Each structure stands twice: as C-alpha cells, then as structure tokens.
Amino acid sequence: MFGRIGAPEIILILVVVVLLFGAKKLPDMARALGKSARILKSEAKAMKSEGKDASAPAEPADQQAAAPRTIKAAPGDVTSRPVQEPADRTTQR
C-alpha cells in the first residue's frame with residue numbers, strides 16, 4: 001500500500017516543493033546543501049586522520065601553542081582563517 005513510490009508521486013512531491021519554496025530559492029538551497037555536505041565530508045576525513053595520528057608521538061606543548069589553528073571550509077577551499085581560542089576566564093575573577 002505505502003511501499004511503492006512511482007513517477008506520479010515523485011512529480012507531485014517536486015511540485016509541492018517548488019510551490020512551497022519558490023523556484024528562485026531552490027538553486028540557493030541546493031548550493032547550500034552541497035556546501036554543507038562537502039564540509040561534513042572534510043570534517044569526517046579530518047577526524048579519521050586525527051584518530052590515526054593519535055598513535056604517532058605528540059609534539060611538545062610549546063610547539064603546539066605557537067602554531068595557530070586554522071579551519072578550512074572544504075577540501076578545495078584556499079582561504080583559511082585562524083581560529084580564535086577562548087581566553088582562560090578562571091583567572092580573571
């Protein structure tokens with residue numbers, strides 16, 4: 001009864017989506033969805049590589065603090081920006 005989705009159902013769903021969101025916003029939404037998927041994929045890849053690097057010897061703490069951390073939005077993104085580390089607020093009180 002509910003298991004089969006054919007061409008008429010898919011066309012009806014597409015028509016409803018176009019009517020709800022408008023034809024002008026659909027390309028922007030698809031572009032944003034693709035960008036989000038690329039970011040998610042790159043972050044997942046980075047997490048996997050961090051797990052493999054955990055078995056490697058760690059750098060000394062002073063070298064880690066000297067190098068600024070950067071975030072890249074996607075694997076092909078050439079513009080990276082430094083990450084603002086939060087200040088330690090426990091000593092300010």
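User: How are α1 and α2 oriented to each other, roughly parallel or roughly perpendicular?
Analyst: In this predicted model, the axes of α1 (residues 7-21) and α2 come within 9 Å and cross at roughly 100 degrees. Angles of 65 to 115 degrees fall in one orientation class, and therefore the two helices, α1 and α2, count as roughly perpendicular.

User: Which residues make the contact of α1 with α2, and how many of them are charged?
Analyst: On the α1 side the contact is made by Val17, Val18 and Phe21, and on the α2 side by Lys25, Leu26 and Met29. By class, that contact has five nonpolar residues and no polar ones, and the number of charged residues is one.

User: Let's stay with Leu26: is Leu26 buried or partly exposed?
Analyst: Leu26 lies in helix α2, and, leaving aside neighbours within four places in sequence, Leu26 is in contact with Val17, Val18 and Phe21. Buried requires a relative accessible area under 20%. Leu26 has a relative accessibility of 24%, so Leu26 counts as partly exposed.

User: What span should α1 have, and how far apart are its end C-alpha atoms?
Analyst: Happy to work that one through! The helix α1 has 15 residues, and at 1.5 Å a residue α1 should span 21 Å. The expected span is 1.5 Å times one less than the number of residues. The end C-alpha atoms of α1 agree with this, being apart by 21 Å.

User: Which residue just after α1 takes a positive phi?
Analyst: The place to look is just after α1, where a phi of about 85 degrees turns up. The residue with that positive phi is Gly22.

User: Is Ser42 buried or exposed, and which residue's backbone oxygen lies 2.9 Å from its side chain?
Analyst: Ser42 has its place in helix α2 (residues 25-53). With a relative accessible area of 15%, Ser42 is under the 20% cut-off and so is buried. A polar atom of the Ser42 side chain lies 2.9 Å from the backbone oxygen of Ile39.

User: What pattern does the protein chain follow along the sequence?
Analyst: The secondary structure comes to three helices and two strands. Of the 93 residues of the protein chain, 3% count as buried. Read along the sequence, the pattern is α-α-α-β-β.

Terms used: Residues are numbered from 1 along each chain as its sequence is written. This is a predicted model: local features need pLDDT of at least 70, side-chain atom pairs count only at pLDDT 80 or more; totals for chains, interfaces and linings use all residues. Side-chain values use heavy atoms; hydrogens and water are left out. Helices (H or I, at least four residues) and strands (E, at least two) are DSSP runs, numbered from the N terminus. Buried means under 20% relative accessible area, exposed over 50%, partly exposed in between (1.4 Å probe, protein chains only). A polar contact is a pair of N or O atoms within 3.5 Å; within protein, one must be able to donate a hydrogen and the other to accept it, and residues adjacent in sequence count only if both atoms are side-chain atoms. Axes are lines fitted to C-alpha atoms, for helices over the stretch in contact, and angles run from 0 to 180 degrees between N-to-C directions. Angles under 35 degrees count as roughly parallel, over 145 as roughly antiparallel, 65 to 115 as roughly perpendicular and the rest as oblique. Contact means heavy atoms within 4.5 Å. Ala, Val, Leu, Ile, Met, Phe, Trp, Tyr, Cys and Pro count as nonpolar, Asp, Glu, Lys and Arg as charged, and the others, Gly among them, as polar.
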